[in-house]
Amino acid sequence: MFQLIKPGTHIDFLGHIKKFYILSAILLIGSAGLIAVKGFDYGIDFAGGTLVHIRAENTTLDLNQIRSELNDKGYNSVTLQSAGGNKEELIIRIPTLDQPLNITKSQVSDALHSSIGGDNYELLQSSQVGPRVGDALKKQALLATLYALLGILIYVTIRFEVLYAFGAIVTLAHDIVILMGFYSLSSLEINLTVVAAVLTVVGYSLNDTIIILDRVREMKVKFTTENLDSDTPMDVKAVMNDAINSTLNRTILTSFTTLMASGVILILGGPALRGFSAGITIGVAIGTYSSIAVSCGVIYHFSKKYGSKIVDKTNKKHSEVEEHADGARI
């Protein structure tokens, strides 16, 4: 196996936990502020409206002329977005109207005929979502995210321990808030593909976190087994640092390969996939950081502060390791 991180590397991640907390706090506060002040640019999936996507043929798109023609048709709040490698595609977004799609499409076609000629463009896509459907989709997307987090909480609690579940949920909430802050900052459209990106990031981040926590449990079981007849206390910080370091090579290589794939989609995928690919790219980067720097730190901090015992339920009857000198228990 290719070793990006040399065997035997030992980085004291928990020794820098305060620095990680400060960085995360800055990102979280900044993201929350952006969301509260700037909000999101909802696509027609959630806001409702009509979308028309065209490709120009052997002509240059004059956005000002197209906007003027659409204004003459009564569409005064349209959004025009150039797309494609040479800006030969145009996405037209029209706010919710009380008229059928075929009428809107016909009037937009008339405006395009007047501005660029009937034979100089090809209709790629047209769709319409009503305001009630948009609100329903928004609620369903929020519920889907909440149900996913609830399922994760239940799974990690059963598989590990409540404190592990708490650390995993805090880590996922950290990732989601920062990712949504990125969407607010970049003004990328929030649509159903973005919801898919967010849930994908949740799953990816959880996977990394679970692998690290499982290694913590393995090391704890090994230490307990080897010291059944000894009063040697377990060094919680050392166990967690060793778990992170032992999975570091795998974590970074997996994230790197995923980022290569999402980066290609981001560059070549076009505007339809930009929100999804950008979310995956930023989310994987944030998720990798949080799995390494946040998850174990949260668990260590709360086990130390509240004296919680991070004990594998299958080994409770065999051993109970007493509190370490620094106050943490495992």
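Here is a short chat about a predicted model of one protein chain.

Colleague: Hi! How many helices and strands does the chain have?

Modeller: There are 10 helices and six strands. Keep in mind that this is a predicted model.

Colleague: Thanks. What share of the residues is buried?

Modeller: Buried residues are 43% of the 330 in the chain. As for the surface, its accessible area is about 16,800 Å², and carbon and sulfur atoms account for 59% of that.

Colleague: Which residues touch the most other members in the largest nonpolar core?

Modeller: That core has 51 residues, and the ones touching the most other members are V156, Y164, Y183, L206, V216, M240 and C296. Several helices supply at least two residues each, including α1 (17-37), α5 (131-159) and α8 (236-268). Helix α7 gives the most, with 12 residues.

Colleague: What is L206 in contact with, leaving aside its neighbours within four places in sequence?

Modeller: L206 contacts I152, V156, A168 and L172.

Colleague: New topic: how many salt bridges does the count come to?

Modeller: Five. In one of them, the side chains of E189 and R93 meet at 2.4 Å, N to O. E189 is in strand β6 and R93 in strand β4, 96 residues apart, and the pair links distant parts of the chain.

Colleague: Why does E189 count as buried?

Modeller: Because its relative accessibility is 17%, and buried means under 20%. R93 also counts as buried, at 17%.

Colleague: Which residue forms a salt bridge with R250?

Modeller: D208 does, with the closest N and O atoms 2.8 Å apart. R250 lies in helix α8 and D208 in helix α7, so the pair ties together parts 42 residues apart in sequence. R250 is partly exposed, at 26% relative accessible area, whereas D208 is buried at 0%.

Colleague: And D214 and R217, are they buried or exposed?

Modeller: Both D214 and R217 are buried. They form a salt bridge too, with 2.8 Å between the closest N and O atoms. They sit three residues apart in helix α7, which means about one helical turn separates them.

Colleague: Last one: which residues of α4 are buried?

Modeller: T104, V108, A111, L112, S115 and I116. They lie on the same side of α4, because they cover an arc of only 100° around the axis. These buried residues pack against β2 (49-56), α3 (63-72), β4 (89-94) and β5 (121-129). Just after α4 comes G117, with a positive phi of about 95°.

Note on methods: Residues numbered from 1 in each chain as written. Predicted model: local features only at pLDDT ≥ 70, side-chain atom pairs only at ≥ 80, totals over all residues. Heavy atoms only, no water. Buried < 20%, exposed > 50% of the residue type's maximum accessible area, 1.4 Å probe, protein only. Helix = DSSP H or I, 4+ residues; strand = E, 2+ residues; numbered from the N terminus. Arc of directions from axis to C-beta. Contact = heavy atoms within 4.5 Å. Areas by Shrake-Rupley, 256 points an atom, 1.4 Å probe, with all protein chains shown as cover. Core = buried A, V, L, I, M, F, W, Y, C linked by side-chain atoms within 4.5 Å. Salt bridge = Lys/Arg side-chain N within 4 Å of Asp/Glu carboxyl O.
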